[in-house]
Amino acid sequence: MSILERSAFAPNFQLGVATSSYQIEGAVAEDGRAPSIWDTFTHTPGKIKDGSNGDVACDHYHRMQEDVALMGWLGVDAYRFSIAWPRVLPRGKGSVNERGLDFYERLVDALLERGIAPCATLYHWDLPDALMAEGGWLSRSTAEAFAEYTALVAARLGDRVALWLTHNEPWCQAFLGYENGLFAPGQRDLGQALTCAHQLLVSHGLAVQALRSHVRSPVGIAPNFMPVHPATQSPLDRAAAARQDGYFNRWFIEPVLGRGYPADMVELYAEHMPRFPHTDLALISQPIDVVGVNYYERCIVGHQEDGGMLKIRRVKTSDLPRTADREIYAPGLFEILERLHREYSIPRLVITENGAASRADEAVVDGRVNDAVRVDFLREHLEQVIRAQKSGIPVDGYFAWSLMDNFEWSEGYSLRYGIVHVDFETQARVPKDSAHFIRSLSRRAAG
Ligand code: FCB
């Protein structure tokens with residue numbers, strides 16, 4: 001196997017690690033933080049596989065300095081974290097919780113002291129419960145509150161944050177949260193999912209406007225993408241793949257980039273489509289500087305007459321190696337980057353998440369965690385980034401998901417995505433072999 005070296009990447013390339021607030025912070029009732037929909041959801045019996053929650057998670061709220069020091073050791077260029085809305089605005093709007101803002105201010109300063117670029121995501125799914133009570137993402141007022149929250153955070157952290165991302169994976173919030181109920185708030189209704197998607201997009205547009213009046217740093221959004229391959233080349237399977245692509249990939253990025261909602265999908269959703277003022281589309285498509293790409297897997301689908309509204313079935317045909325939860329398909333990352341570049345002429349792409357899960361029993365043996373599958377996963381995906389750079393695709397960043405094992409949403413602690421192992425009893429952090437691998441690619445290691 002070839003050795004991957006830092007010099008293989010474009011000179012402006014930034015290597016980072018990513019996390020999100022609810023998955024790592026814990027301290028859910030401290031220093032004025034109010035509950036989010038994820039607190040309520042995880043405390044509802046039957047929602048999380050292992051019955052767990054993020055009450056303590058990685059206790060990062062209390063161990064922030066230690067975790068930043070760990071990133072210093074890793075030598076990463078950048079850190080992508082998210083801000084917990086109910087920590088800074090406990091009611092979602094109105095009175096500000098200074099102690100919450102202080103936490104993120106200290107985090108940003110600690111990163112800057114170590115030369116690590118802070119990259120902030122404003123929404124990684126932890127909507128304040130108070131806003132849920134007023135209609136959540138079905139209500140326009142939530143989008144307006146998001147703009148207020150964004151302005152507040154941007155005014156405080158401003159250009160110390162090197163990259164601002166409005167939403168993480170809006171598809172998950174809209175469709176897992178409101179269509180199939182797997183995520184908070186656990187609703188099951190396609191019409192609601194489409195309304196949520198629309199308000200998320202509106203809130204993105206409003207947030208971009210708010211950011212522009214406070215910061216000069218680049219602004220973007222971080223949707224998840226997956227290449228969709230038809231099970232066969234039959235016209236029926238190809239049409240099924242196009243529908244899945246519309247549902248997952250095109251529904252968010254096309255309105256953001258000024259193309260409006262994809263017409264084929266609007267037709268399919270007709271009776272469930274929310275009504276909204278036409279001017280919303282202009283609001284949603286504020287110019288942005290970066291598209292973040294969260295990439296984990298591809299998807300193979302075939303036509304199935306009784307396969308729900310999309311009339312599809314997902315096919316698991318491949319005998320490629322797998323992580324604990326998904327097929328490993330690194331070329332899919334290139335495929336997505338190439339398509340975003342070719343079809344949409346996006347000026348700048350950053351991989352905002354990519355990573356591999358192992359099971360809860362992944363062990364520390366003699367101070368070491370042998371996670372060869374993850375090392376290979378990261379290497380293969382980084383090689384696709386180099387391939388993209390060599391093909392002239394403007395991709396200049398890669399964030400490994402995740403800095404450390406954490407609360408994996410509906411999977412609880414049953415999956416570990418970290419490059420650093422966390423013992424959830426003692427909170428001890430142990431860098432896995434994959435952390436040593438990332439460190440070997442750091443600028444410092446490269447001299
Ligand atoms: C993504 C999420 C992230 C994490 C990874 C494994 O969908 O954005 O929070 O859970 O999956």
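These legends describe close-up views of one predicted model, with residues numbered from 1 along each chain as its sequence is written. In the predicted model, local features need pLDDT of at least 70 and side-chain atom pairs count only at pLDDT 80 or more, whereas totals for chains, interfaces and linings use all residues, and side-chain values use heavy atoms, with hydrogens and water left out.

**View 1. The residues around the ligand.** The shell consists of Q23, H124, W125, N168, E169, Y296, E353, W401, E408, W409 and Y417, where a residue is near the ligand if one of its heavy atoms lies within 4 Å of it. By class, this shell divides into five nonpolar, three polar and three charged residues; Ala, Val, Leu, Ile, Met, Phe, Trp, Tyr, Cys and Pro count as nonpolar, Asp, Glu, Lys and Arg as charged, and the others, Gly among them, as polar.

View 2. A polar side-chain atom of H124 lies 2.8 Å from a ligand oxygen atom, while an N or O atom in the side chain of N168 is 2.9 Å from an oxygen atom of the ligand. For W409, the distance between a side-chain N or O atom and an oxygen atom of the ligand is 2.9 Å. Taken alone the ligand exposes 290 Å², of which the protein buries 94%, with accessible areas from the Shrake-Rupley method and a 1.4 Å probe; for residues, only the protein chains shown count as cover.

**View 3. The loop between β13 and β14.** Helices (H or I, at least four residues) and strands (E, at least two) are DSSP runs, numbered from the N terminus. The peptide bond from W401 to S402 is cis, with omega near 10°, and S402 is placed in the loop between β13 (395-401) and β14 (415-416). W409 also has its place in the loop between β13 and β14, and its phi is near 45°, a positive value in a residue other than glycine. Most residues other than glycine have a negative phi, and most peptide bonds are trans. W409 is buried, with a relative accessible area of 3%, where buried means under 20% relative accessible area, exposed over 50%, and partly exposed in between (1.4 Å probe, protein chains only). In the loop between β13 and β14 lies S414 as well; S414 is buried at a relative accessible area of 19%, and its side chain reaches the backbone oxygen of E411 at 2.6 Å.

**View 4. Backbone geometry in two further loops.** A cis peptide bond with omega of about 10° joins A184 and P185, and P185 is found in the loop between α8 (170-178) and α9 (190-212). K311, which is not a glycine, has a positive phi of about 55° and belongs to the loop between β9 (299-303) and β10 (312-314). With 32% relative accessibility, K311 counts as partly exposed.

**View 5. Strand β11 and residue E353.** E353, one of the residues around the ligand, is found in strand β11 (residues 349-353) and is buried, with a relative accessible area of 4%. From C-alpha to C-alpha, E353 and I312 are 27 Å apart in space, and they are 41 residues apart in sequence.

**View 6. Helix α14 and the residue that follows.** Helix α14 (residues 372-390) has 19 residues and reaches 27 Å from its first C-alpha to its last, close to the 27 Å expected at 1.5 Å a residue; the expected span is 1.5 Å times one less than the number of residues. Its buried residues include R374, V375, F377, L378, H381, L382, V385, I386 and A388. Just after α14, G392 takes a positive phi of about 85°.

View 7. With a disulfide taken as a pair of cysteine sulfur atoms within 2.5 Å, the count comes to zero. C119 is in no disulfide, and the nearest cysteine sulfur, that of C58, is 19 Å away; C119 is buried, with a relative accessible area of 5%. The sulfur of C172 is too far for a bond, because the closest cysteine sulfur, in C196, is 11 Å away, and C172 is buried at 6% relative accessible area.

**View 8. The side chains of R33 and D39.** R33 lies in the loop between α1 (21-24) and α2 (37-42) and counts as buried at 7% relative accessibility. Its side chain makes a polar contact with the side chain of D39 at 3.0 Å.

Definitions and conventions:
A polar contact is a pair of N or O atoms within 3.5 Å; within protein, one must be able to donate a hydrogen and the other to accept it, and residues adjacent in sequence count only if both atoms are side-chain atoms.
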